[in-house]
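Hello,

Here is the structure I said I would pass on. My notes on what turned up follow below.

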Amino acid sequence: MHSVSKSWLLLTGFIVFYVIYLLFGALVFSCIERPVEDQLRHDMEALKQEFLNLSCVNAASLERFLVKVLTANKYGVSVLKNSSVTSNWDLISSMFFANTLVTTVGYGHTTPLSDSGKAFSILYALIGVPFTMLVLTACVQRLMYPLVFAPVGLLQRSGLEPRSATAVHFLLLLVLVVLCFFVAPAAVFSTVEMSWSFLDGIYFCFISLCTIGLGDFVPGTQPGQKYRPLYQVTVMFYLFVGLMMMYLLLRTFHKMADLHGLTTFLQLPRCEESDLDEDREPIVDNQDEDQTRPYLTEKAASKPLEPGSQTSYNSINKG
């Protein structure tokens, strides 16, 4: 009964903290962004009045024109003369849209115009999203040995305690992911996208790899951009590999939290329990299973394994 009460108390605490966190975010965003919005609104109103004073167009006609232009722009169709592309639905652009759809990034810059396109998007995502998650999971499972088990074992053999080894490994992996999938791509984006700053590049990488996809920065939309199809294919590859590494990082953190007792303290599911079936029946055959066993400590290695069980991060002795 005490355990159940503690579980409900923790859940209530999580919900209260979540609401407080949302209110804190709302307060900060409102304080930062509202003055900028008010200034932009004032500038646009002044520009509109200046245009009406210098032309014979009445306000109602201008309003109708702007509504149609903004509606078209929402679907990725621009009336500007220097618009970067003639179509948002050529083969490569359509593939880029499909990629953002099934990875749940969804920038929203290009959206289906027709009812049939919207209906197909629902069906396509219904199948594509879980299949993409399956492919990402299979890829991460194959990367667990070379990027997680082997480095942790190497750190343990160098003299570190199991908990210290897992913490050092996670920090090194975090630095690697930040450098290779945030800093370096941001430098490339800020060079290729002439209107982007380095901060814009970091912002785009974070928003994309967290699958938030606000759509305020979309690569490949600059006027006169060279090699746009190749650039979009490269961005698609970056998104897939980046999402895979983010998933690997989250799994590594979850397993480290298991080893340090954080999940037990917060009464959350252990990583071993959440993917038990996955560990026993790998999505792809794991030929590295036997190779991971030398990295177990003597205490963990001496324990009998259940039939069909597989060596894992949590089998390292917690000391």
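How many helices and strands does the chain have? There are 12 helices and 0 strands, so please note, before reading further, that this is a predicted model. Along the sequence, the pattern reads α-α-α-α-α-α-α-α-α-α-α-α.

Overall figures

The chain has 319 residues, and 34% of them are buried. Counting contacts with a separation of 6 or more, 65% are between residues 24 or more positions apart.

The core

The largest nonpolar core holds 35 residues, and within this core Phe181 and Phe189 touch the most other members. Two or more residues each are given to this core by helix 4 (115-157), helix 5 (162-192), helix 6 (198-209) and helix 7 (228-259). Helix 7 provides the largest share, 13 residues.

What does phenylalanine 181 touch, leaving out residues up to four places away in sequence? The list is Cys205, Leu209, Tyr238, Val241, Gly242 and Met245.

The surface

Regards

Key. Residues are numbered from 1 along each chain as its sequence is written. This is a predicted model: local features need pLDDT of at least 70, side-chain atom pairs count only at pLDDT 80 or more; totals for chains, interfaces and linings use all residues. Side-chain values use heavy atoms; hydrogens and water are left out. Helices (H or I, at least four residues) and strands (E, at least two) are DSSP runs, numbered from the N terminus. Buried means under 20% relative accessible area, exposed over 50%, partly exposed in between (1.4 Å probe, protein chains only). Contact means heavy atoms within 4.5 Å. A nonpolar core is a set of buried Ala, Val, Leu, Ile, Met, Phe, Trp, Tyr and Cys residues joined through side-chain atoms within 4.5 Å.
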